[in-house]
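Here is a friendly walk through one protein model. Have a look at the sequence and the fold first, then read on.

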Amino acid sequence: MFTDEALDSVSVCSLWRKSRQSAQESRGCQTRAINSTEAEVQTVSTTVSCTQTEPQDQATEQLLQQHLDQPEPPGLKDFLQRVEDAVIRELVRNARSHAFDWFQVNWEDHSQPVSCLHRLQHPSAQERGLHVTSVSWSCTGSVIACAYDDGDWSTEKSYVCTWNLDRRGLNPKQADLVLDVHTAVTALCCHPEQPALIAGGLYSGEVVLWDTSRTQDPVLAQTGLSADSHREPVYQVAWVPLQKRGEFGVLSASSGGRVLLWTVDLDQGGFVLNAAYAMLRQQLPHSSSSSFKARGSSTVGVTSLALSPWDSDTFLVGSEGGLLLRCSFSSQTPAAVSSEGQSVTLRAPAVFSFRPRSGPVHSIHCSPFHRNLFVSAGTDGLVHLHSLLQANPLLSVRVSDSYIFQVQWSPTRPLLFAAATGQGEVQIFDLGRRSLRPAATIDQGGAGQAATCLSFNCQNPHLLAVGRTDGTVGVWQLSADLTEQSPRESSQLEQIANQVAE
């Protein structure tokens with residue numbers, strides 16, 4: 001019959017569950033770490049103010065009422081009715097008048113036309129008694145560069161110093177940058193577009209280009225002593241726009257009678273002579289050569305130089321003998337001197353001569369407001385106003401009984417110029433005034449210390465830098481009267497330019 005029996009278990013795997021598990025996949029997702037910041041703002045100080053109207057005093061109300069109740073003064077009404085038509089006519093006439101159309105009210109205090117902001121000095125230059133020979137503002141208007149020599153044109157080492165006037169914590173007695181130079185620096189000019197570049201002329205005849213952004217070796221280019229370079233002191237350097245837009249060359253002039261145009265070629269390791277001009281007595285325009293007395297040399301020593309901002313082909317030259325010459329960069333006349341050993345042919349650039357002065361011409365500057373006007377100054381203490389179209393000066397202004405070392409037009413006032421004198425003063429003249437007396441005088445003190453150079457700040461026209469023989473550079477602030485152009489000033493300058501010289 002039936003009996004109990006234990007058998008092994010039988011398991012059946014689920015194919016459906018296995019298929020579902022094999023189809024499953026795991027996925028993960030996580031956001032990037034979220035940065036959080038807590039900030040608090042708190043005012044430094046608080047101010048509470050309130051206003052409240054006060055009720056009128058009863059006595060005041062009564063007083064006003066009494067005045068209203070009083071009768072009008074006798075004859076007042078009749079007088080007002082009688083003059084009403086005449087007053088209205090005058091008001092209408094004044095409204096149509098143009099007498100005060102150009103009048104501008106200036107509410108500033110005019111008691112102090114100039115004030116000293118800084119008195120910059122380099123300790124080593126002060127100890128050695130060096131003179132400031134040249135000052136130049138950077139294209140940003142923030143940095144002033146100064147050159148020094150010992151006043152005897154010796155070959156001892158000198159300096160170029162810069163101060164950034166916008167730097168916090170400016171120390172007038174410690175320059176931000178000091179460049180050691182192996183000989184006296186006679187001329188200086190900052191680049192018109194690159195604030196780190198400074199061109200300089202040396203007593204040895206060399207032309208140097210410094211890059212103040214290079215801390216290790218700031219000398220970017222140097223002419224050296226070659227057949228192409230100057231052999232006498234370089235009196236002036238200037239940046240000249242080249243044909244390619246944005247490129248500039250360096251124009252240098254020396255007492256040896258040569259004006260050289262240099263370009264910078266870093267691939268060749270420095271300056272490359274682009275053009276050379278020689279000032280020779282026998283090739284000067286007739287009027288100047290006939291009045292120039294022979295002195296045993298055919299060369300005309302160049303002491304000053306100016307570029308025309310209106311005509312890129314024109315530059316002006318002043319000489320040791322008092323000559324004033326208008327020259328052309330495009331002149332193709334060969335100079336009557338040997339060019340042997342030089343990389344370019346010397347050319348004679350003079351095309352017109354002005355009436356010579358009685359002594360060396362120390363400074364020339366072209367007007368930034370009129371294409372034909374320029375000023376010149378020298379050892380006779382006079383500033384001459386010239387037109388490029390006339391040989392004789394239009395106007396002569398007695399500035400000093402001593403030498404005038406530099407003259408410069410204002411960058412914002414068409415009729416205003418400043419002159420640095422050997423008496424230590426800087427005289428500022430306004431040709432728009434009826435009397436030719438200084439509109440302002442800068443006197444830094446110090447008997448026997450001449451003002452050797454000056455420079456207006458084109459970016460900040462309220463600033464004027466003045467270098468002196470005591471080794472200091474004064475930075476002066478000019479008032480609005482000396483910097484703001486009046487409405488009719490340009491027309492007055494045009495009238496002066498149209499005058500016929502005697």
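How many aromatic pairs does the structure hold? There are nine of them, where rings of Phe, Tyr and Trp (its six-membered ring) pair if their centres lie within 6.5 Å; planes under 30 degrees apart count as stacked, over 60 as edge-to-face and the rest as tilted. A pair of aromatic rings is described by the distance of the centres and the angle of the planes.

| Pair | Centre to centre | Angle between planes | Type |
|---|---|---|---|
| F352 and F354 | 5.1 Å | 80° | edge-to-face |
| Y403 and F405 | 6.1 Å | 70° | edge-to-face |

Before going further, a word on what you are looking at: this is a predicted model, in which local features need pLDDT of at least 70, side-chain atom pairs count only at pLDDT 80 or more, and totals for chains, interfaces and linings use all residues. Residues are numbered from 1 along each chain as its sequence is written, and side-chain values use heavy atoms, with hydrogens and water left out.

So how covered up are those rings? Buried means under 20% relative accessible area, exposed over 50%, and partly exposed in between (1.4 Å probe, protein chains only). F354 is buried because its relative accessibility is 2%, while F352, at 24%, is partly exposed. In the other pair, Y403 is partly exposed at 42%, and F405 is partly exposed too, at 27%. Elsewhere, Y277, F315 and F329 come together as one aromatic cluster.

Now for two loop residues. S255 sits in the loop between strand 11 (248–254) and strand 12 (258–265), and R231 in the loop between strand 9 (219–222) and strand 10 (234–241). They are 24 residues apart along the chain, with 8.8 Å between their C-alpha atoms. Is S255 buried or exposed? Its relative accessibility is 17%, so S255 counts as buried. R231, by contrast, is exposed, because its relative accessible area is 53%.

S255 touches E232, P233, Y235, G301, V302 and E320. R231 is in contact with S204, S226 and R258.

Finally, the whole protein. It has six helices and 29 strands; helices (H or I, at least four residues) and strands (E, at least two) are DSSP runs, numbered from the N terminus. Of its 502 residues, 44% are buried. Among contacts between residues at least 6 apart in sequence, 50% join residues at least 24 apart.

Terms used: Contact = heavy atoms within 4.5 Å. Lists of a residue's contacts leave out its neighbours within four places in sequence.
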